[in-house]
Amino acid sequence: MGVPNGFEIERKYVVERPPDPASLAKRGAEPHRIVQVYLEPTDQAPVRRIRQVDSDHGRRFLYTEKRQVGGIVREERESEIDEARWLELMRDA
């Protein structure tokens with residue numbers, strides 16, 4: 001599931017209704033439960049986010065930093081962390 005470190009252009013779409021889960025499953029989509037928290041900003045720091053991702057394959061914890069590059073382009077660095085580090089960051093959120 002991880003996003004490779006690099007650049008992103010975030011796009012947003014409005015849909016009339018969510019896709020049918022059976023239709024998504026036919027295309028290989030798998031359900032995930034995501035808990036996402038943005039951490040308090042610090043001076044001159046990138047935007048920081050943590051995620052807990054639960055799926056049929058288990059639980060993962062991710063730490064992400066996003067930095068504005070220019071216009072709508074951002075640099076994104078994501079790494080997997082352990083549960084202890086995730087809990088520590090949650091206490092600081």
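How many aromatic pairs are there by the ring-centre rule? The count comes to 1 aromatic pair, where rings of Phe, Tyr and Trp (its six-membered ring) pair if their centres lie within 6.5 Å, and planes under 30 degrees apart count as stacked, over 60 as edge-to-face and the rest as tilted. The structure is a predicted model, in which local features need pLDDT of at least 70 and side-chain atom pairs count only at pLDDT 80 or more, while totals for chains, interfaces and linings use all residues. Residues are numbered from 1 along each chain as its sequence is written, and side-chain values use heavy atoms, with hydrogens and water left out.

**The aromatic pair**

- F61 and W86 form the pair, which is tilted, with 5.3 Å centre to centre and 45 degrees between the planes.
- This pair links distant parts of the chain, since F61 lies in strand β4 and W86 in helix α2, 25 residues apart; helices (H or I, at least four residues) and strands (E, at least two) are DSSP runs, numbered from the N terminus.
- F61 and W86 are both buried, a term that means under 20% relative accessible area, with exposed meaning over 50% and partly exposed in between (1.4 Å probe, protein chains only).

**The nonpolar core**

- The largest nonpolar core has 8 residues in all: V37, L39, I50, F61, Y63, I81, W86 and L89.
- Strand β4 and helix α2 (83-92) each supply at least two residues of this core.
- A nonpolar core is a set of buried Ala, Val, Leu, Ile, Met, Phe, Trp, Tyr and Cys residues joined through side-chain atoms within 4.5 Å.
- In soluble globular proteins, nonpolar side chains tend to be buried together.
- V37, a member of the core, is in contact with R48, R49, I50, M90 and A93, leaving aside its neighbours within four places in sequence; contact means heavy atoms within 4.5 Å.

**The sheet and its helix**

- An open sheet is formed by 5 strands in the order β1-β5-β4-β3-β2, with antiparallel pairing; two strands pair if DSSP finds at least two bridges between them.
- The edge strands, β1 (6-9) and β2 (33-38), each pair on one side only.
- From one strand to the next, the twist averages 30 degrees.
- Helix α2 lies across β2, β3, β4 and β5 (73-81) and runs at about 130 degrees to β3; axes are lines fitted to C-alpha atoms, for helices over the stretch in contact, and angles run from 0 to 180 degrees between N-to-C directions.

**Strand pairings**

- Strands β1 and β5 pair in the antiparallel sense over 4 bridges, and F7 has E75 in β5 as its bridge partner.
- Antiparallel strands β2 and β3 are joined by 6 bridges, and the bridge partner of I34 is V53 in β3.
- Between β3 and β4, which run antiparallel, there are 9 bridges, and these strands form a hairpin with 2 residues between them.
- The hairpin of β4 and β5 has 2 residues between the strands, and G71 in its turn has a positive phi of about 60 degrees.

- K66 is found in strand β4 (residues 58-70) and is described as buried because its relative accessible area is 7%.
- The side chain of K66 makes polar contacts with the side chains of E8 (3.1 Å) and E76 (3.5 Å).
- A polar contact is a pair of N or O atoms within 3.5 Å; within protein, one must be able to donate a hydrogen and the other to accept it, and residues adjacent in sequence count only if both atoms are side-chain atoms.
- E76 in β5 also stands opposite K66.
- Not counting residues up to four places away in sequence, K66 touches E8, E10, P46, V47, R49, R74, E75 and E76.
- R49 has its place in strand β3 (residues 47-55) and counts as buried because its relative accessible area is 5%.
- With residues up to four places away in sequence not counted, R49 touches Q36, V37, Y38, L62, Y63, T64, K66, E76 and E78.
- The C-alpha atoms of R49 and R11 are separated by 18 Å, and these residues are 38 apart along the chain.
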